[in-house]
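Please load the model in your viewer and keep the selection panel at hand.

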Amino acid sequence: MVSESRARCSQANHGCPPCSANLCTPSLCSGLSRLLTGQLCAKELFQRYGVSQRLYDEFLKPLLLVGLFAPPEQISAASMLETFYFYTLAHQADFDVCWCKGSVSELIFKPLVDLIQGLGGRIQGGRLASDLDVNPETGRVQGVIARSRDGSETTYPADAVIFAVGITGMQKLIGASPTLAARPEFRRIMTLQGLDVMATRLWFDRRVETRFPSNVLSGFEETTGGTFFNLNQLQDEYKDVAEGVIAADFYHSNELMALSDEEIVQKVHDTLKICEPGFRDAKVVDSAVLRFSKAVTHFNPGSLQGRPRQWTSFGNVFMAGDWVKDVNHGAKGLSQERAFVTGLTAANLVVKHLGCGEPAKLLDTEPDEPHIALGKELNKRLQSTLSLFGANSLGL
Ligand SMILES: Cc1cc2nc3c(=O)[nH]c(=O)nc-3n(C[C@H](O)[C@H](O)[C@H](O)COP(=O)(O)OP(=O)(O)OC[C@H]3O[C@@H](n4cnc5c(N)ncnc54)[C@H](O)[C@@H]3O)c2cc1C
């Protein structure tokens with residue numbers, strides 16, 4: 001354990017954005033209020049609980065960089081708590097990496113597309129939604145305007161619309177659409193941020209056995225997290241090939257985005273050499289580097305206010321994606337599961353709104369493991385006892 005003064009940094013440098021002037025009443029600025037309103041950053045919460053520097057540096061910071069794709073001072077403490085709870089605490093045995101045993105497009109997207117088309121749906125690729133067509137008399141949305149690659153626009157009639165385009169996609173739409181910009185809930189989306197992510201794949205002249213099929217890359221860049229996956233061990237496709245195939249993803253990769261592909265590949269190889277000595281003699285024979293600028297949700301302190309709910313003031317426009325808030329389901333944080341759940345929920349809202357169609361059945365997450373359920377119950381009782389004396393054990 002390090003000394004308290006080292007483990008806790010001052011309020012001045014923990015990195016949370018300051019409360020905005022209109023929020024900064026004495027009562028709201030208490031830690032608990034800032035936690036509940038999403039203003040408190042994860043780093044400050046760790047410090048308030050006296051988390052040791054070693055636990056912070058070697059476990060919590062790397063875990064947040066790969067779980068919510070940003071360092072703790074840039075993550076809302078509330079989002080951190082719900083994500084850790086969803087990913088690890090409630091079902092510890094499920095905290096693992098799973099890889100699709102084959103191509104995602106063949107095994108997941110193609111069957112989904114076939115199902116939609118089999119039910120009479122049409123999928124229009126190669127164009128971007130650019131605006132909504134609103135009936136001037138009723139104020140209801142009656143169509144979606146989409147722009148093709150050649151710049152031509154087509155209006156598709158619609159009884160209801162679901163936006164599932166991520167934060168950055170939505171911001172581009174709002175920026176170009178006076179119809180959307182006129183509504184406060186859409187203007188607030190402009191305060192949100194997307195995070196940079198990079199995905200790399202390296203082919204080596206030989207296979208390298210690693211201690212674990214996947215692992216977290218920590219401490220190589222101050223604010224960038226990473227993971228590597230040994231695809232020879234994880235995917236059937238590469239199980240019996242002679243060359244080594246490694247995928248490495250980098251989250252909050254802002255600092256790396258400007259480097260050339262060659263520099264990034266060299267960096268990944270150098271990092272692997274440090275983690276697994278077997279890579280020292282291996283030579284890179286092929287590589288791929290993909291950059292995703294502002295592509296994933298940033299659950300930063302203060303973002304709760306800007307995140308939309310699933311329904312909007314249009315009445316027949318709905319929102320889906322891992323970034324929408326107030327979703328009554330156990331899937332939390334930056335996750336495909338949450339994106340999927342919000343998609344089904346939005347579809348059910350459309351079914352309800354139009355009064356036709358069969359709602360999708362939503363499966364909830366499994367109940368808490370018994371020791372977590374017991375801990376929660378005990379904590380609830382302790383809290384209610386303490387509140388009788390006007391105290392709270394959170395120390396916030
Ligand atoms: C490298 C990486 C690794 C990840 N690993 C995991 C993991 O292991 N487990 C996990 O659960 N999650 C993981 N995630 C997160 C997961 O991918 C996201 O949570 C999920 O994709 C969010 O889904 P979404 O539908 O909200 O948004 P997105 O998947 O971002 O989809 C939005 C789509 O809308 C499109 N679009 C944007 N604008 C328009 C427009 N105007 N018109 C039409 N289309 C538009 C975009 O092109 C995009 O295809 C990972 C993400 C990355 C980048």
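A residue counts as buried if 20 or more other C-beta atoms lie within 10 Å of its own, as exposed if 12 or fewer do, and as partly exposed in between, with C-beta atoms placed from the backbone. This is a predicted model, in which local features need pLDDT of at least 70 and side-chain atom pairs count only at pLDDT 80 or more, while totals for chains, interfaces and linings use all residues. Residues are numbered from 1 along each chain as its sequence is written.

**Lys294**

Select Lys294 in strand β9. Helices (H or I, at least four residues) and strands (E, at least two) are DSSP runs, numbered from the N terminus. Is Lys294 buried or partly exposed? Lys294 is partly exposed because 16 other C-beta atoms lie within 10 Å. The phi of Lys294 is positive, about 50°, although the residue is not a glycine.

**Phe69**

Phe69 is another residue other than glycine with a positive phi, near 60°. With 26 other C-beta atoms within 10 Å, Phe69 is buried.

**Tyr87**

Now pick Tyr87 in helix α5. Tyr87 has 19 other C-beta atoms within 10 Å, so this residue is partly exposed. Which residues does Tyr87 contact, leaving aside neighbours within four places in sequence? They are Gly67, Phe95 and Gly333; two residues are in contact if their C-beta atoms, placed from the backbone, lie within 7 Å. For a distance check, draw a line from Tyr87 to Thr227: the C-alpha atoms are 16 Å apart, and the residues are 140 apart in sequence.

**The domains**

Colour the protein chain by domain: domain 1 is 4–96, domain 2 is 104–193 + 299–354, and domain 3 is 194–296. These bounds come from an automatic or database domain assignment. Where domain 1 meets domain 2, the contact takes 18 residues from domain 1 and 11 residues from domain 2. Helix α5 (residues 77–89) gives five residues, the largest share of the side of domain 1 that touches domain 2. That side of domain 1 has nine nonpolar residues, eight polar and one charged. Here Ala, Val, Leu, Ile, Met, Phe, Trp, Tyr, Cys and Pro count as nonpolar, Asp, Glu, Lys and Arg as charged, and the others, Gly among them, as polar.

**The whole chain**

Zoom out to the protein chain, which has 13 helices and 10 strands. Its radius of gyration (over C-alpha atoms) is 23 Å, close to the 21 Å that the globule rule (2.2 Å times the number of residues to the power 0.38) gives for 396 residues, so the chain is as compact as a globular protein of that length. Along the principal axes, the C-alpha trace spans about 65 × 65 × 40 Å. Of the 396 residues, 27% count as buried.
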